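Please read it alongside the sequence and the model.

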Amino acid sequence: MDSSIIGKIDKARKYAEEKERVTITSFKASFQGNHNTYQVSFDSGVWHCQCLFFTTRGVCGHTMALQRMLDEVLAHAAKDAVAAN
Ligand SMILES: [Zn+2]
């Protein structure tokens with residue numbers, strides 16, 4: 001392994017501890033619930049889940065769980081969207 005890659009690995013280790021550097025603006029996830037697997041997405045602060053509960057409430061256990069998992073790196077709009085529901 002060349003020295004430039006070793007330097008990048010060291011930098012990556014430091015960056016990984018500094019979560020304030022990263023803001024996730026969109027992603028898609030496959031969420032394995034107790035009964036089904038649901039496609040959950042987040043784009044520009046807007047959550048979506050294909051489960052029935054989300055359809056009627058605009059929030060669900062899947063989106064709330066992901067919000068907890070990604071709390072430190074989600075865009076602020078995503079946190080506000082979950083908190084408002
Ligand atoms: Zn859901």
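Serine 44 is exposed, because 9 other C-beta atoms lie within 10 Å of its own, and a residue counts as exposed at 12 or fewer. The model is a predicted one. In it, serine 44 sits in the loop that links strand 2 to strand 3. Its phi is near 50°, a positive value in a residue other than glycine.

Glycine 45 belongs to the loop between strand 2 and strand 3. This glycine has 15 C-beta neighbours inside 10 Å and therefore counts as partly exposed. Its C-alpha atom is 7.9 Å from that of serine 26, although glycine 45 and serine 26 are 19 residues apart along the chain.

Aspartate 43 stands opposite valine 46 of strand 3. Aspartate 43, in strand 2, is also the bridge partner of serine 26.

Three strands form an open sheet in the order 1-2-3, and their pairing is antiparallel. Strand 1 and strand 3 are the edge strands, each pairing on one side only. On average, neighbouring strands of the sheet are turned by 15° against each other, with direction ignored. The two pairings are set out below.

| Strand pair | Sense | Bridges |
|---|---|---|
| Strand 1 (residues 26-32) and strand 2 (residues 37-43) | antiparallel | seven |
| Strand 2 and strand 3 | antiparallel | four |

Between strand 1 and strand 2 there are four residues, and the two strands form a hairpin. Strand 1 is hardly covered: of its seven residues, the count that is buried is zero.

Which residues make up the largest nonpolar core? The set has seven members: Tyr38, Val40, Phe42, Trp47, Cys49, Cys60 and Leu66. Strand 2 and strand 3 (46-49) are the elements that give two or more residues to this core. The largest share comes from strand 2, with three residues. As a general point, side chains in a regular strand alternate between the two faces of the sheet.

Helix 3 covers residues 61-69, and His62, Thr63 and Leu66 are buried in it. Seen down the axis of helix 3, these buried residues fall within an arc of 95°, so they line one face of the helix. Leu66 is also one of the residues of the largest nonpolar core. Helix 3 lies across strand 1, strand 2 and strand 3, and runs at about 55° to strand 2.

**The whole chain**

How many helices and strands does the protein chain hold? There are four helices and three strands. Along the sequence they follow the pattern α-β-β-β-α-α-α.

The protein chain has 85 residues, and buried residues make up 13% of them. Among contacts with a separation of 6 or more, 40% are accounted for by residues 24 or more positions apart.

The loop between strand 2 and strand 3 holds serine 44, which is exposed, and glycine 45, which is partly exposed.

Notes:
Residues are numbered from 1 along each chain as its sequence is written. This is a predicted model: local features need pLDDT of at least 70, side-chain atom pairs count only at pLDDT 80 or more; totals for chains, interfaces and linings use all residues. A residue is buried if 20 or more other C-beta atoms lie within 10 Å of its own, exposed if 12 or fewer, and partly exposed in between; C-beta atoms are placed from the backbone. Two strands pair if DSSP finds at least two bridges between them. A nonpolar core is a set of buried Ala, Val, Leu, Ile, Met, Phe, Trp, Tyr and Cys residues joined through C-beta atoms within 7 Å. The arc is that of the directions from the helix axis to the C-beta atoms. Axes are lines fitted to C-alpha atoms, for helices over the stretch in contact, and angles run from 0 to 180 degrees between N-to-C directions. Two residues are in contact if their C-beta atoms, placed from the backbone, lie within 7 Å.
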